[in-house]
Amino acid sequence: MIAKLGKDRGKRETAQAIAFSVLTLASLVAFFALALILYIIISKGVGALSWEFLSQLPRKGMTEGWIYPMILGSFYLTAGALVSALPFGIASAIWLAEYAGGGLWVRTIRIGVNTLAGVPSIVFGLLGLAFFVNVLGLGASLLSGAFTLGVLILPILIRASEEALRAVPNEFREGALALGATRWRAVRTVVLPTAIPGIMTGAILGIGRAIGETAPILFTAAAIYKTRLPDTLYETLTSRTMALPTHIFYMATENPRGWEAKDLQFGAALVLLGLVLIMNLGAVTWRARVRRRKEW
Amino acid sequence: MVDATKESTRTELSTREWIRRNFDGRPIIETEDLSFYYGKDRALRGISLSVPLDGVTAIMEPSGCGKSTLLRAFNRMYELYHGARAEGRVTFLGQDLLKADPVALRRHIGMVFQRPNPFPKSIFENVAYGPRVHGMRKRSALKEIVESSLHRAALWDEVKDRLKDSAFSLSGGQQQRLCIARALAVRPEVLLMDEPCSALDPKATDKIEETTRELAEELTVVIVTHNLQQAGRVSDNVAVLLAGGELAEFGPTRSVFENPQDERVADYLCGRFG
């Protein structure tokens, strides 16, 4: 009887070992995918990097020259997206977290927000084309693109802000209300300031998402090639703009001489990837720092 | 909501005087057949009780949540909890409190919570919060009221050199006294204290109890406690709630402790249950 206890130990251990290796391998796949992307982009793109590459205009049908306008365009688009979406994001998060309760209407809106997060980005592009470009008559312009990206990152902003608001201890609200503050006053002066770091994390993640999106700006804002920078703010906002992701797309597909400038393409991809990684890393470290400093 | 207090809010003493002139001998808070529900669960059953203007009134209960609920009926804080509902009548200086504007009401009836809950702001900003909410803008006036409130909460000497420090740099007992100062800064007529020492060590508890006794000279204090000794030490009157949220006994602390009328209260006081 006792001797039998160890009888199928070998079999069990084999099963364990197989399971362990399969699971480990599966997790390594994700890691290798990232490592591969980084390797290809860096090894092929790093040669193109230089201060001129980042700071000057493209030339000769983009087969020579640099990507300064694309970086600038991406920056404007992303900043515009954040500026236009953040107020709506924070406002709806406050409504969801502080006022709404749990009725049918609220559940519907919450499902809506979550669904919005899953809508393919090309659909946002079409929405932007239909609504901002045509209905609002903004034309294909930086504004239309920024607004479209704003709608795209809205769910990210709402979710992050709502989470941040819910993480604020109820005692703070009670304390403020017990002093005769109205609900809005309590939210404005105690709850929201406490939630700001969390909301900022969401904003940085939103920027990281918006800066890399191609499809939403393809029909709404992107120019294939512009030889000069716009002169005025008005012109900047109302004309098409070049941007990093669409530049990479056009060079790879639309530009018949794109192959002549392969290393420039990879250089642009490297810059874009770098920006996204910096944003995400920034969000993660910021969040960790805030959590460490938290006093309650 | 209490119009009469408006005409004399310059110092709490004159408000007090006004109340004394007009309400002397009458209770400041009165409940009449007050029942309370969380959804379908009844937390309080037909409570009729008068909180006298002077002294400390303690509310005791061996277990359950009735005592905190009763306290939260006095400043309508229960409305924050989903499905909470009060039935019956509660009056403050003769006015129906359940029909009053809760925001205005809480200016007159302050509250200190079970766990110290300072805001993540500086010590100064914590105390100045209430006055700011009620429209005080002048820096000098704010400074004055912050200082006097901290004095009254017996915290001034410990924090006078570090008013700009975060409230979380204080110890638990200090934080609780800061919360008392914060509540006092809006000059309430009544201070509700919900087991204010339950998260504190004995030394900090002593200090809070001492402060409570001193405060009772200037305003009405209602304190909830599950601690018999504490009720004995701080209160002038005591209400004992029993299972089911029923008021078993209410009267001067001394006579309730020495000669309880209700047998269950006698058992409770002898430590036979609870």
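In chain A of this predicted model, confidence is lowest in strand S2 (residues 64-65), at a mean of 60, and highest in helix H7 (residues 170-178), at 94, where the score is pLDDT, the predictor's confidence in each residue, from 0 to 100. Helices (H or I, at least four residues) and strands (E, at least two) are DSSP runs, numbered from the N terminus. Over the whole of chain A the mean pLDDT is 85, with 91% of its residues reaching 70 or more, and for chain B the mean is 88, with 94% of its residues reaching 70 or more. One stretch of chain B needs caution: pLDDT stays under 50 over residues 1-10, for which the model has 18 contacts beyond four places in sequence, a contact being a pair of residues whose C-beta atoms, placed from the backbone, lie within 7 Å. For the complex, the predictor gives an ipTM of 0.89 and a pTM of 0.82.

A word on conventions. Residues are numbered from 1 along each chain as its sequence is written, and chains are lettered from A and ligands numbered from 1 in the order in which they are written. As this is a predicted model, local features need pLDDT of at least 70 and side-chain atom pairs count only at pLDDT 80 or more, whereas totals for chains, interfaces and linings use all residues.

Let me stay with chain A and turn to its helices. The axes of H8(A) and H12(A) come within 9 Å and cross at roughly 170°, the axes being lines fitted to C-alpha atoms, for helices over the stretch in contact, and the angles running from 0 to 180 degrees between N-to-C directions. These two helices are therefore roughly antiparallel to each other, a term that applies to angles over 145 degrees, with those under 35 counted as roughly parallel, 65 to 115 as roughly perpendicular and the rest as oblique. On the H8(A) side the contact includes A:Met200, A:Ile204, A:Leu205 and A:Ile211, and among the H12(A) residues that they and their neighbours meet are A:Leu272, A:Met279, A:Trp286 and A:Arg287. By class, this contact has 13 nonpolar, 5 polar and 1 charged residues, where Ala, Val, Leu, Ile, Met, Phe, Trp, Tyr, Cys and Pro count as nonpolar, Asp, Glu, Lys and Arg as charged, and the others, Gly among them, as polar.

Helix H11 of chain A, residues 244-253, is largely enclosed by the rest of the structure, because 7 of its 10 residues are buried. Buried here means that 20 or more other C-beta atoms lie within 10 Å of a residue's own, exposed that 12 or fewer do, and partly exposed in between, with C-beta atoms placed from the backbone. The buried residues of H11(A) include A:Leu244, A:His247, A:Tyr250 and A:Met251, and what covers the buried residues of H11(A) includes helices H3 (68-99), H8 (183-212), H9 (215-218) and H12 (262-293) of chain A.

Now to chain B, whose secondary structure comes to 12 helices and 10 strands. Along its principal axes the C-alpha trace of chain B spans about 55 × 40 × 35 Å, and buried residues make up 45% of the chain.

How do H5(B) and H8(B) pack, and at what angle? Their axes lie 7 Å apart, at an angle of about 35°, and among the residues that meet are B:Val127 and B:Tyr129 in H5(B) and B:Leu178 and B:Arg182 in H8(B). The residues of this contact divide into 5 nonpolar, 2 polar and 1 charged.

Two residues of chain B other than glycine have a positive phi: B:Asp33, near 50°, and B:Arg187, near 55°.

Finally, the interface: 22 residues of chain B are in contact with 15 residues of chain A. Helix H4 (102-108), strand S6 (109-112), helix H5 (123-133) and helix H8 (172-184) of chain B each supply at least two residues of the side that touches chain A, and by class that side has 12 nonpolar, 6 polar and 4 charged residues.

Notes
Contact = placed C-beta atoms within 7 Å.
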